[in-house]
Structure formats: C-alpha cells, structure tokens
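Hi,

Here is the structure I promised to pass on. Have a look first, and my notes follow below.

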Amino acid sequence: MERVSFNYSLKNIPTPPVNAYKKRLVEKVESVVKRMRWKAFYFLKEENYDDDLPKEEKFGFKTRRCPPQISDMIPFEDDMLKMIEGITFRKSNDNFQKLLSADIKRIKQSDKMFVPADKTQNYYQVSKDQYEKLLKENITKTYKKASPNTYDEINMDAKRISSDLDLDDRMETMAKREAFITLKDHKDNFANNTTCRLINPTKSEMGRVSKKILDRINSKVRSSTGVNQWKNTASVIDWFTKLPNKSDCTFILFDIVNFYPSITEAILHDALIFAKQFTDISDQDIDIILHARKSLLFNDSIPWVKRDNKNLFDVTMGSYDGAEVCELVGAYVLSIITTHYSKDHVGLYRDDGLAIFHKISGNKAEKIKKHIAKIFKDLGLKITIEANLKVVDYLDITLDLNSGKYYPYRKPNDNPVYINSRSNHPPVIIKHLPAAINRRLCDISYDKYVFQKAAPLYADALKTSGYNEELVYKDRTDTTDTTKKRRNRQRNIIWFNPPFNHNVSTNVGRIFLKLLERHFPKEHKLHKIFNKGNVKVSYSCMGNMGSIIKAHNNKILNNKNDLIKRETCNCQDKPICPLNGKCQSNNIVYRAQVKVNNGDGKSYIGSTENSFKTRYNNHKCSFNNLKYGKRTELSKYIWKTKESGHQYSIDWDIIAHADAYSNTTKRCNLCLTEKMLIISSSKFNLLNKRSELISKCRHENKFMLSSIHVASPRALSSISDSTVSSNSCSSLNSVT
C-alpha cells in the first residue's frame, strides 16, 4: 500500500476528450429540446395556459415519455443540431492542464486502485486483491447475505406504492450500486492495522418521496415546538450571540455515536407518533417512510443485509432522506431533553449537540451530564459528552464564552484546498470563488481582528490555486451593502446547461440565445413561453479528477478475467459472418453500408445492447417481410430498392463500443454515441432522420418499476408480511 498525494483539489476538471464533450452536449441539447417541446405542447393544447397554476405532485420525478414533435419548433431544432455539428475546438498550452493530463495518464496506466482516505486528502495505491480482501472483511463484520428474492420483494413493494402515487412509469428499481471503502489513515498505528470505513451507496428512489414528506413534517414540528434544531452554522451563531451573561455560563458538548445506523425502527416509530401531535401524517406517508428504510448492500451484485436488523430497516448515510430522518428523531430527542431543561439553552445539529447552563457548580454539571447521557441511553443511543467547557469547537466555528466571540475552526491537518483558476470550470464559478470564500470567512468571524487572524491560511490556499484576490473583512451586520437583492418570485424557467470546455471556440450559450430570438420573435405564437426571460443558459461541468479516479477503480474491479472466454461468433459458416467474426458483440454502434448496382448507395447507423446477431436477424426479417418493412429507415430503403428492380448488397461494421443505460449511472452512453455519430456523418448518404435524435432511450425501460410484472394476490400478501413491519404500521396508523 503506497500513499499518493495530489497537490491540488480533485474537484479540478481536466480538458475532456472531444467525443466525450460532444456526447455530453448532445445529451444537454436533447434534454432542453424535450422540455421545450412539452411546454409548447401544453401551451398549444390549453388556451388559458398559466405557468403559475399548481401542478400534480410528482416529487421531482420527470416523465420518461418522448414529447410529440411540434411543427413550429422544427427549424429551431434543426439549427440546434447544426450547432452541435459545427462545434470547433482550439488547442491550449496551459501548464496546469498538462499536469492534470499527466496524472490522468499515470492513473489509467496503473494496474492498482486509488483508494481515498477517510478524513484527509491522501490516496493509497492498493492492489485489486488487497482491496477486495479489506472490503469483504468490513462487509462480513456487520452484514450477512440476503435471501435471493429479497431484492425482487423490495422492488415489488416499491411498485405497489409508486402505482398508488401514479409514479411507476417514472421511478426506477433499486440500483445495485457496489459498496466501497475509504481508509482511516488518521487512526493510530494505521501502517500495521489498516482500518476502513464501509460506504453503502445503494438507495431506494422512494427516498426522494420520503424526503419531501419528512421535510414537511420536520418544518411543522420545529415551528410548533420551538426547539433549537439548527440547520447551519449561521443559526448556531445567531443563538450564541443572543445568549446573555456568557462569561457566567459553561457549555456541555455531546455527540451521538453512529447516529444514522443507531436509529432503530422503534425510535422512528416513537418520533412519528410524537410528530403526529403537530401535523397530519397519513397511512400512505408512513408506508413510504418505512419502505425507504429498506436497505441492501451490494458486493459483486450479491445483496447483503445487516445482521441485527429486522425487516431490512436501516438509515444509511447516503440515502435521499437519511438527514431528514435524523432531524425528525433529533427533534423528538430534544423534546424529551427540554422537558427537564430550558429549550433556549439546548440545541442539536444532526448528531452534534450543545447545551449551555448559567452559574452551575462542577458537581451540578456532572449530574446534568449523567442525566443527558441516561436520556439517550434509554432511547438506545450512545453519546460522548463533555461538561464544564468555556470554549468549544462546534461545526466549523469555535465558540468562546470567556470573550463572547466566535471564530473559524478547522480540524488539525485539514488545510483548505480550492479548485485551480485554470481548472476547466465555467468562468462564473472561477470568478466568484474568492468572493464566496471571503463572504463565508466574514460570516464566521466575530470581528475584523478575528478575521485578519484567520485569513492568511485561506489567502495562501487561494494563492496556491492561482488566485490573486485579497480577502477583506466586511461586517456581516453592515446594512450599507448596495448589492442588488435577488427577487423571491419563483418563475417557471427552462435552463439550457451546455457543458463548459476551455478548448471549445464556439460560444454555445450565445448561439443558443440567438437561435431563440431568431426562431421565436415577438410576433411568434410561442414567444410567450420561449424568450430570454424564461429560457436561460447556465454552463454545466464535465467530469473532475475524482470521477476519473472512480472510473479507473471500477474498471479494475470489473475486469474479472473470466476463465471462459466470450464467443465472438456463432455462425456455422465463419467466412460468411456478417460482421467478420464478431457477430456476438454487444453494446455497439454499427454501420450498414448499402451498395446498389445502379451506383447509388446509402449508409445507416444503428445501435444494439444485445448481440449484433440478434439485431441482424431482426433487420433480415424487415428486409424479407413487407409486413415489417417500415420498422427502420434502412428497411424502407431496401424495399424501395427492391421495388425499383435493382440489386443491392450490405456491408456491416462496428464503429463504436459504448455501455447501454444503467440505473447506477443514469446515462445511456450507447444512445448518446449513436446520436453523436449520426450528427457527425455526411447527411447526403445517411438514411437516419434528424427526428431520431430527439427520442426516448429504449434501454432504460427494463429498469422502470412499471416493467415489473404484478404478482398474484397471495404473493403480494407474503411480500407485505415479510418486508413490512405490521406491528409498527398498525400502531402508527392507530394514533390520531
């Protein structure tokens, strides 16, 4: 195990390959055109169209259907595709980008994995065998293998709930994201005793629905109870500044140990009963929240469950609603603590708690300390707690009761590292970064003296990253700021988010806005919904160095070197294989070049996730049966050629390999590669139509909950009995 240090932030973005940029641009153009089509469709359909009318709650899930083509938008769409085709690139000679390129080359040439440290910026080169050994050891400590049908049962239950919400055609099955580890190199004796943190990235999409429900519940509970459940550092500072007679007070600081995994079904049950006093919580809400708690861990696509958890209940740190569950339980715990102590003197942020007491003796502080620890113990939670403190480090600030001041805090050896000014980020991000850091530092500094004392560390980090701006103190209570305040009015804006690239000389954003103005002038019937006021541009980012390292690690892990070599051709007569001995290739973009004896000829570009042989047989079927002759543009051309009495021949070849849609990546590189190649090909000899470029990805269908076959009533009953805690649901639903 060899330590590797990158002397820059891994959020820096290198210059992407040309094809990678084009594919991302195709994706973003397709996305914005689809959204514009839907808006135009409903605008033209409804005479009294109003963006501000309330829409049916879909919890942020977008439709997967392809919108119908709008005739008034066709010229605009054609010009958008021409813009992609006309993208031009320039060469750059940037030293920082050369450094990133050299590191990328070094990473990709390595046969080892780059494993990140848990709380430092170090990386360690670890062999695949050693990594898999560490991963398996950490999994088997707390997990056991799940039954083979557990995964299907969870998805079946998710289909039941999503069908009731009319979301089963928008929500996907649980993605089998592989568990991974980080290394705790800050621990003592790490060189001889390698300790790791196990990360489980698998999460149910039902958590997105649960998150919105819990947000509503938590907001109502906080406003009704008035407990100090802090949302950020600013709320902690406001609480601290309002405390009277600080010099006569002492802190009690406590931390809930392993808060997320320590939350049991019983605690959540009690917290929901508590919340029902202040807001309505329906049976369906409870069902959704409990379903989102069902968790699996995947290793080599094999599901694992926690040894001591019943009904698959778990609160994972990476889940969509994990923080909201913690906040609900935290509010419940605070309600118990504040029955004994003033609610103005106790607060909680996630798992970090802070209390303050006025003029208490050491013995009294110890009694309070033991009492608070007992409250948590009775709930099945463990805490670390310290009393009689005058100065505490809390979140990213230090609170000092002696002076009444607060100032910035960073953990030891945790020096700030920022993205370089030559990173391939959009210019607006680079421009505003120093100002954002300056503003943040002002917010967590009590006065100018505290600011100036803390500023050099951050100023040096900025300078190292290529910034020349100075950090200047500005009083956070100063009301003379002339900066234009943002309006709070919400508008239904369509955003076009093209990827940014320093090496692209074409101004994509400017061209888009000009096309918008040209094709939808004031007299156009769609101008009301398509203008510079409600269609805007904001550049998005390409992959950073961290994502490149993750991709490298996944490549190493997925390279299983199976003993059985995959057959590339199953033709009985190998010389007449349509793809030169590669007919069993899958996840490919292929080209069919049609040659006609009259000198005419066309080419067709297609893609297939399955083996090419299967796709080839489907093409042959459409060539030989008039019934299927209109399936593709290629079959239409073949029948037209046959009807004119000409002979033809077809040459097939592979022009690209790409992965099809996966619900772990949420992107279909196969479709994007096919569309990019269609746009880049000569239009004179190409059979593919432009309408194919704005289309639904057919490869994502199998991941939708709507694609799951409905089980029999008896099977559904057994699934419900095995995966839902009947005791919890019945007791919760009986509370009024």
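A definition before anything else: buried means under 20% relative accessible area, exposed means over 50%, and partly exposed is in between (1.4 Å probe, protein chains only). Bear in mind that this is a predicted model, where local features need pLDDT of at least 70, side-chain atom pairs count only at pLDDT 80 or more, and totals for chains, interfaces and linings use all residues. Residues are numbered from 1 along each chain as its sequence is written, and side-chain values use heavy atoms, with hydrogens and water left out.

Helix α9 (residues 265–275) is largely enclosed by the rest of the structure, because eight of its 11 residues are buried. Those are E265, I267, L268, H269, A271, L272, F274 and A275. Helices (H or I, at least four residues) and strands (E, at least two) are DSSP runs, numbered from the N terminus.

Then there's an open five-stranded sheet with mixed pairing, in the order β7-β11-β12-β8-β13; strands pair if DSSP finds at least two bridges between them. At its edges sit β7 (228–229) and β13 (383–389), each pairing on one side only. Inside the sheet order, β8 (residues 249–256) runs antiparallel to β12 (residues 352–358) over seven bridges, with T250 opposite F357 in β12.

Finally, α17 (residues 612–624) meets α18 (residues 633–643): H619, S622, F623 and N624 on the α17 side touch L634, S635, I638, W639 and K642 on the α18 side, contact meaning heavy atoms within 4.5 Å.

Cheers
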